[in-house]
Amino acid sequence: MLPRFITKTIHAYLDYPVAISLVAMPFILGLGSVNPLAFWLSVATGIAAFVLTVLTDHHLGIIRVLPYKLHLTVDFLVGLVFVAAPFALGLAGLEAAYYWVLGGTVLAVVSLHKQEDTLQTA
């Protein structure tokens, strides 16, 4: 069994930098030269991740209307989409590796999430 050590607090601190990176990295890496969707999938996901973080009920959420469990579910689905994207979009090389690494990382973070006692607040 995997040690689950990523708390709601740790996850919250990861959210904003990851969202910004998802927007910035396609520009830095020059993604999308063969298939523009390789560029826009990351940028659109980064913008959506930023909005999701702003709306999530955790200590760094600004509006806090979405339950944290929903946030984790969306993250899991994004991980699956990123792992499948190179196959579905015909990506290769750096573009495929980018999505496989990101997708695997997102799935790892979600799977390493530590369940918190419902009586505790984070």
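These legends accompany close-up views of a predicted model.

**View 1. Helix H1 against helix H4.** H1 covers residues 8-29 and H4 covers residues 93-111. Their axes come within 13 Å and cross at roughly 175°. H1 is therefore roughly antiparallel to H4, since an angle over 145 degrees counts as such. On the H1 side, the contact uses His 11, Ser 21, Leu 22, Met 25, Pro 26 and Leu 29. On the H4 side stand Leu 94, Tyr 98, Leu 102 and Val 109. Sorted by class, this contact holds eight nonpolar residues, two polar residues and no charged residues.

**View 2. The largest nonpolar core.** Nine residues build this core. They are Leu 22, Leu 31, Ala 38, Phe 82, Ala 85, Leu 91, Ala 96, Tyr 98 and Tyr 99. Two elements supply two or more residues each: helix H3 (68-89) and H4. H4 gives the most, with three residues. Two core members, Leu 22 and Tyr 98, also take part in the contact of H1 with H4.

**View 3. Surroundings of Leu 31.** Leu 31 belongs to the largest nonpolar core. Residues up to four places away in sequence are not counted here. Beyond them, Leu 31 touches Pro 26, Ala 38, Phe 39, Leu 94, Glu 95 and Tyr 98. Ala 38 and Phe 39 are among the buried residues of H2.

**View 4. Helix H2 and its cover.** H2 runs over residues 36-55, 20 residues in total. From first C-alpha to last, H2 reaches 29 Å. That is close to the 28 Å expected at 1.5 Å a residue. Its buried residues are Ala 38, Phe 39, Ser 42, Val 43, Thr 45, Gly 46, Leu 52, Thr 53 and Val 54. The cover over these buried residues includes H1, H3 and H4.

**View 5. Helix H2 against helix H3.** The two axes are 12 Å apart, and the packing angle is about 180°. H2 is therefore roughly antiparallel to H3. H2 brings Leu 37, Leu 41, Thr 45, Leu 52 and Thr 53 to the contact. H3 brings His 71, Val 74, Asp 75, Val 78, Phe 82, Ala 85 and Leu 89. By class, the contact divides into eight nonpolar, three polar and one charged.

**View 6. Thr 53, a buried residue of H2.** Thr 53 lies in helix H2. Its relative accessible area is 1%, so Thr 53 counts as buried, the limit being under 20%. Leave aside the neighbours within four places in sequence. The contacts of Thr 53 are then Asp 15, Tyr 16, His 58, Gly 61 and His 71.

**View 7. Pro 36 and Leu 89.** Pro 36 is part of helix H2. At 49% relative accessibility, Pro 36 is partly exposed. Pro 36 and Leu 89 lie 53 residues apart in sequence. Their C-alpha atoms are 9.9 Å apart in space.

**View 8. Arg 64 in the loop between H2 and H3.** Arg 64 is placed in this loop. Most residues other than glycine have a negative phi. Arg 64 is not a glycine, yet its phi is positive, about 60°. With a relative accessibility of 40%, Arg 64 is partly exposed.

Technical notes
Residues are numbered from 1 along each chain as its sequence is written. This is a predicted model: local features need pLDDT of at least 70, side-chain atom pairs count only at pLDDT 80 or more; totals for chains, interfaces and linings use all residues. Side-chain values use heavy atoms; hydrogens and water are left out. Axes are lines fitted to C-alpha atoms, for helices over the stretch in contact, and angles run from 0 to 180 degrees between N-to-C directions. Helices (H or I, at least four residues) and strands (E, at least two) are DSSP runs, numbered from the N terminus. Angles under 35 degrees count as roughly parallel, over 145 as roughly antiparallel, 65 to 115 as roughly perpendicular and the rest as oblique. Contact means heavy atoms within 4.5 Å. Ala, Val, Leu, Ile, Met, Phe, Trp, Tyr, Cys and Pro count as nonpolar, Asp, Glu, Lys and Arg as charged, and the others, Gly among them, as polar. A nonpolar core is a set of buried Ala, Val, Leu, Ile, Met, Phe, Trp, Tyr and Cys residues joined through side-chain atoms within 4.5 Å. Buried means under 20% relative accessible area, exposed over 50%, partly exposed in between (1.4 Å probe, protein chains only). The expected span of a helix is 1.5 Å times one less than its number of residues.
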